[in-house]
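Please look at the structure first and then read on.

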Amino acid sequence: MLTGIEKFSNQSIRTRASSPKLQVLNTALITAQSGITLNEAKQDTEFWGRLTESAVGAHLANAKAIGIGSLYYWRERNHEVDFIFKLGRKTTAIEVKSNRAPLTLPGMSEFSKAFNPSRKLLVCRSGITLEDFLSLPIEHWLK
């Protein structure tokens, strides 16, 4: 039903010491209790943003659950990247936005400086659409 996502760090002690980010494995756990329709959910930008991020996180967490890589989040001070997915030696940073991409992604920029990921993905209307991201296996996005 729920899983905890550990914080990404090159130091395992820092990873274990951080609070996990809770991730639902099925977004129906969020929507079933909301009492709102799909159209109402889409109109509520904050709620829709949480659903969008949760859907991507569930897709990634389900891949991890069947043994495809490792899943993390990253946060330092006021900078954040929604998801970090490691597959072998490759690290992919994934940022999720429910609408169009903002002009800057300071969290992604800071993460890139610190860890130099193999790949950076932006799931949003003007990047990889949510529908495209969810319709393909995770391995497709990590190539």
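## Two loop residues

R77 is exposed, with a relative accessible area of 77%, where exposed means over 50% with a 1.4 Å probe and protein chains only. The residue R77 sits in the loop between β3 (70-76) and β4 (79-87), and its phi is near 50°, a positive value in a residue other than glycine. Strands are DSSP runs of E with at least two residues, and helices are runs of H or I with at least four, numbered from the N terminus.

N116 is likewise not a glycine and has a positive phi of about 45°. N116 belongs to the loop between α5 (106-115) and β6 (119-123), and it is exposed, with a relative accessible area of 65%.

## The basis of the model

This is a predicted model, in which local features need pLDDT of at least 70 and side-chain atom pairs count only at pLDDT 80 or more, while totals for chains, interfaces and linings use all residues. Residues are numbered from 1 along each chain as its sequence is written, and side-chain values use heavy atoms, with hydrogens and water left out.

## The largest pocket

The lining of the largest pocket consists of 13 residues, and W48, T52, S98, R125 and E131 are those nearest its centre. A pocket is an open set of points on a 1 Å grid over the protein atoms alone, where a 1.4 Å probe fits, with protein on both sides within 12 Å along at least five of seven lines, and lining residues have an atom within 4 Å of a point. The elements giving two or more residues to this lining are α4 (45-65) and α6 (130-135), and α4 gives the most, with 3 residues.

Conventions. Buried < 20%, exposed > 50% of the residue type's maximum accessible area, 1.4 Å probe, protein only.
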